[in-house]
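Here is a short report for a reader new to this structure. Take a look at the sequence and the model first.

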Amino acid sequence: NRTGPRPMRPERDYGAIGRALDEASAEGPRALSHRVFVDLLWEHLASTDVSWLGIYLVDETSAPECRLRLGACRDRPACSPIGLHGVCGRAVVEARAVVVEDVRELGTAYVACDPHDLSELVVPLRDGDGVWGVLDLDSRSIAAFDEVDAEALMELVARAGLTRSETGSGPAPMDSRSGRSGIGDAGRGLP
């Protein structure tokens, strides 16, 4: 379990992002393009301790070690293709959001595209019962994301038309010891 006080997190105005999504979708198709969605999120989240965000697309024709391919992203390149062994892969396999407080503790269960990133949040993009991609956010601070962020982003991807199912349950923190997600295992004090 985590000891000591939680670091201060910047306030993120997900309501403002939702309103911006509504304005953007009023001018075009309900399902915003990946680029428009990523750019809109970046505009609102870059100043809130988010160092990178992007969408990885599932390529079912590729081997598991190359299954995820980078789509739209901000604000620098990232690893592509990546396998299912990392945090993004875990979100695909489990069809659940995954919150990681400190990626350094994941060992081989972490794909390090930027060695300066310290925490990560990944939200699955669903189509029925399947997952066609993930929204991935990184930060250079420990514990920059929590379940509130995960829930808000799951609502935003649905609002943007990028996911069409609410099957599965809420976010799963990743256990930094085993690399597996499960409520209560990541030292977040969850029941």
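How many helices and strands are there in the protein chain? There are 4 helices and 6 strands. Both are DSSP runs, numbered from the N terminus: helices are H or I with at least four residues, strands are E with at least two. Along the sequence, the pattern reads α-α-β-β-α-β-β-β-α-β.

This is a predicted model, where local features need pLDDT of at least 70, side-chain atom pairs count only at pLDDT 80 or more, and totals for chains, interfaces and linings use all residues. Residues are numbered from 1 along each chain as its sequence is written, and side-chain values use heavy atoms, with hydrogens and water left out.

The pLDDT is the predictor's confidence in each residue, from 0 to 100. Its average over the protein chain is 81. Residues 167-191 fall below 50. Beyond near neighbours in sequence, that stretch has 73 contacts in the model. A contact means heavy atoms within 4.5 Å.

The table gives values for the protein chain.

| Property | Value |
|---|---|
| Residues with pLDDT of at least 70 | 79% |
| Buried residues, of 191 residues | 51% |
| Contacts with a separation of 6 or more that join residues 24 or more positions apart | 57% |
| Accessible surface | about 8,800 Å² |
| Part of that surface belonging to carbon and sulfur atoms | 52% |

Buried means under 20% relative accessible area, exposed over 50%, partly exposed in between (1.4 Å probe, protein chains only). Accessible areas come from the Shrake-Rupley method with a 1.4 Å probe; for residues, only the protein chains shown count as cover.

Now the aromatic rings. Rings of Phe, Tyr and Trp (its six-membered ring) pair if their centres lie within 6.5 Å; planes under 30 degrees apart count as stacked, over 60 as edge-to-face and the rest as tilted. The count is 1 aromatic pair. The rings of Trp52 and Tyr56 have centres 6.2 Å apart and planes at 45°, so this pair is tilted. Both Trp52 and Tyr56 are buried.
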